[in-house]
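Subject: Structure for your pocket and ligand work

Hello,

Here is the structure I said I would pass on.

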Amino acid sequence: MTSPRQERIALYPGSFDPLTNGHVDIISRGARLFDRIVVAVLRNSEKQPLFTVDERLATAREVFRDLHNVEVDAFEGLLVDYARRRRANVIVRGLRAVSDFEYEMQMALMNRRLRPEVETVFMMPAETYTYLSSRLVKEVFALGGEVAGLVPPVVEARLREKGRAG
Ligand code: PNS
């Protein structure tokens, strides 16, 4: 008799302030690869975030409402401790360009040292999103630029509610 296969649960951690279409692209790809992907929003990552964690959770949940193996949650403390609590064996991170590599490798190897059984998997977003970051979206929006197509419509609406001054 074969034992049931262990569910493959992946974490996709980040600040998501705000969620961009680059994140959505990676999450959608991850949802096809893993049984479940948990979008894990870090609490207290920045002293002055644009969106509160609750706002980020609410918008991400709305965006992934119809993708039933995508879960959105918040975490604090070490990512590998959260992975243990969630029984996740994979951490997914997006790699946009070579410039991401050094920081990502440091994190992946530190997480491996802390908890070797958790594997980090890097995924490339669609090339149209390789220049996209939450920081640039905030800057462009604050200075009056167009962010349609860079973030999901619900995030664009929340940005407008906040106003250009943030
Ligand atoms: O969106 P970001 O800022 O690139 O995400 C960074 C994040 C949340 C993945 C990273 O800061 C993190 O995992 N923080 C939790 C604390 C932790 O585990 N630190 C050690 C990781 S090497």
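A residue counts as near a molecule if one of its heavy atoms lies within 4 Å of it. The model is predicted, so local features need pLDDT of at least 70 and side-chain atom pairs count only at pLDDT 80 or more, while totals for chains, interfaces and linings use all residues. Residues are numbered from 1 along each chain as its sequence is written, and side-chain values use heavy atoms, with hydrogens and water left out.

Ligand

There are 13 residues around the ligand, and Gly-14, Ser-15, Gly-77, Leu-79 and Arg-93 come nearest. For polar contacts the cut-off is a pair of N or O atoms within 3.5 Å; within protein, one must be able to donate a hydrogen and the other to accept it, and residues adjacent in sequence count only if both atoms are side-chain atoms. From the side chain of Arg-93, an N or O atom lies 2.9 Å from an oxygen atom of the ligand. On its own the ligand has 550 Å² of accessible area, of which the protein covers 72% (Shrake-Rupley method, 1.4 Å probe; for residues, only the protein chains shown count as cover).

Helices and strands are DSSP runs numbered from the N terminus (helices H or I, at least four residues; strands E, at least two). In the shell around the ligand, β1 (9-14) and α4 (98-114) each supply at least two residues, and α4 gives the most, with four. By class the shell has eight nonpolar, four polar and one charged residue. Here Ala, Val, Leu, Ile, Met, Phe, Trp, Tyr, Cys and Pro are nonpolar, Asp, Glu, Lys and Arg are charged, and the others, Gly among them, are polar.

Pocket

On a 1 Å grid over the protein atoms alone, a cavity is a set of points where a 1.4 Å probe fits but cannot get out, and a pocket is an open set with protein on both sides within 12 Å along at least five of seven lines; lining residues have an atom within 4 Å of a point. Points are joined across faces, edges and corners, and a volume is the space filled by probe spheres set on them.

The ligand sits in the largest pocket (more than half of its atoms lie within 2 Å of the grid points). That pocket has a volume of about 900 Å³. Of its 34 lining residues, Gly-14, Ser-15, Arg-93, Tyr-103 and Glu-104 are the closest to the centre. α4 provides the largest share of the lining, six residues. The lining divides into 15 nonpolar, 11 polar and eight charged residues.

Cavity and loop

The structure holds one cavity of 30 Å³ or more, and about 60 Å³ of space lies in the largest cavity. Its lining includes Phe-16, Pro-18, Arg-56 and Arg-158. α2 (53-63) gives the largest share, four residues.

Phe-16 is in the loop between β1 and α1, and its phi is near 50 degrees, a positive value in a residue other than glycine. Pro-18 lies in the loop between β1 and α1 (21-33); a cis peptide bond joins Asp-17 to Pro-18, with omega about 5 degrees.

Regards
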